[in-house]
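Please keep the sequence and the structure open beside you while you read.

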Amino acid sequence: QNQLWIHGDEKNDERLNLYRVDLDKSPMLPVPETDHDYLYDWGFSEDDSLLGYLPRTGTKAPFDTCLHVRDLEEERASGRREERKVLCDSQALRFTWGRVAFSKEEREVFFAAQSDDDRNGVQLVRVNLADKKPKLVTVTDPKQKRTPLDLLASTLSEGRMVFVAN
């Protein structure tokens, strides 16, 4: 599909959302794909069948953020939006800026979370989507201070990954 996905602030009002542009249509207008107060980050599975994203809600800190996963393949087949709110953050681990990456087999999602609301304590976390009640698991050493943390999504394979942090 000839599409461009954009993470942006349409009206310069601090409402960051996800938009899609169909490059085969004229005029090429952005279509909102999410409608949240603020979207930290997002990512596709390797085959582009799943979209994961982290929208924040609330008007002031502490905000609540939940991991959402959309089944784009099912949407294309049925014409209906197929979305799942997988789990939400907590005081101990607040979801934050950082790439959302799926494992190759699409069973797990990886992203960044702040330990105890400390911007210098960013951790890499994972969620197993196959679990009946998914839970957040810290992948990196929570005693190690780091910010920012960026997972290189293309490196997720055979139990290995590469991330960049200070």
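1. In this predicted model, a disulfide (a pair of cysteine sulfur atoms within 2.5 Å) joins Cys66 to Cys88, with an S to S distance of 1.9 Å, and by that rule the count comes to one disulfide. The pair links distant parts of the chain, since Cys66 sits in strand β6 (residues 64-71) and Cys88 in strand β7, 22 residues apart. The torsion about the S-S bond of Cys66 and Cys88 is about 90°, so the disulfide is right-handed.

2. Cys66 counts as buried because its relative accessibility is 10%, whereas Cys88 counts as partly exposed because its relative accessibility is 40%.

3. As the model is predicted, local features need pLDDT of at least 70 and side-chain atom pairs count only at pLDDT 80 or more, while totals for chains, interfaces and linings use all residues.

4. The chain contains one helix and 14 strands; helices (H or I, at least four residues) and strands (E, at least two) are DSSP runs, numbered from the N terminus. The radius of gyration of the chain is 16 Å, close to the 15 Å that the globule rule gives for 166 residues, so the chain is as compact as a globular protein of that length. That radius is taken over C-alpha atoms, and the globule rule is 2.2 Å times the number of residues to the power 0.38. Along its principal axes the C-alpha trace spans about 50 × 40 × 30 Å, and 42% of the 166 residues count as buried.

5. Where does Asp89 lie? Asp89 is found in the loop between β7 (83-88) and β8 (93-95), and this residue counts as buried because its relative accessible area is 12%. Its side chain makes a polar contact with the side chain of Arg94 at 3.4 Å, where a polar contact is a pair of N or O atoms within 3.5 Å; within protein, one must be able to donate a hydrogen and the other to accept it, and residues adjacent in sequence count only if both atoms are side-chain atoms. The side chain of Asp89 also reaches the backbone nitrogen of Phe95 at 3.3 Å. Leaving aside neighbours within four places in sequence, Asp89 is in contact (heavy atoms within 4.5 Å) with Phe63, Asp64, Thr65, Arg94 and Phe95.

6. The largest nonpolar core has 19 residues, and those with the most contacts inside it are Leu67 and Phe111. Such a core is a set of buried Ala, Val, Leu, Ile, Met, Phe, Trp, Tyr and Cys residues joined through side-chain atoms within 4.5 Å. At least two residues of this core come from each of β4 (38-44), β5 (50-57), β6, β7, β8, β10 (108-115) and β11, and the largest share, three residues, is supplied by β10.

7. Is Val127 buried or exposed? Val127, in strand β11 (residues 122-128), is buried, with a relative accessible area of 0%. Val127 and Cys66 are 61 residues apart in sequence and 12 Å apart in space, C-alpha to C-alpha.

8. An open sheet of three strands has the order β1-β2-β3, with antiparallel pairing, and its edge strands are β1 (3-9) and β3, each of which pairs on one side only. Two strands pair if DSSP finds at least two bridges between them, and two bridges join β2 to β3.

9. Ser26 and Leu156 are 130 residues apart in sequence and 37 Å apart in space, C-alpha to C-alpha.

Methods. Residues are numbered from 1 along each chain as its sequence is written. Side-chain values use heavy atoms; hydrogens and water are left out. Buried means under 20% relative accessible area, exposed over 50%, partly exposed in between (1.4 Å probe, protein chains only).
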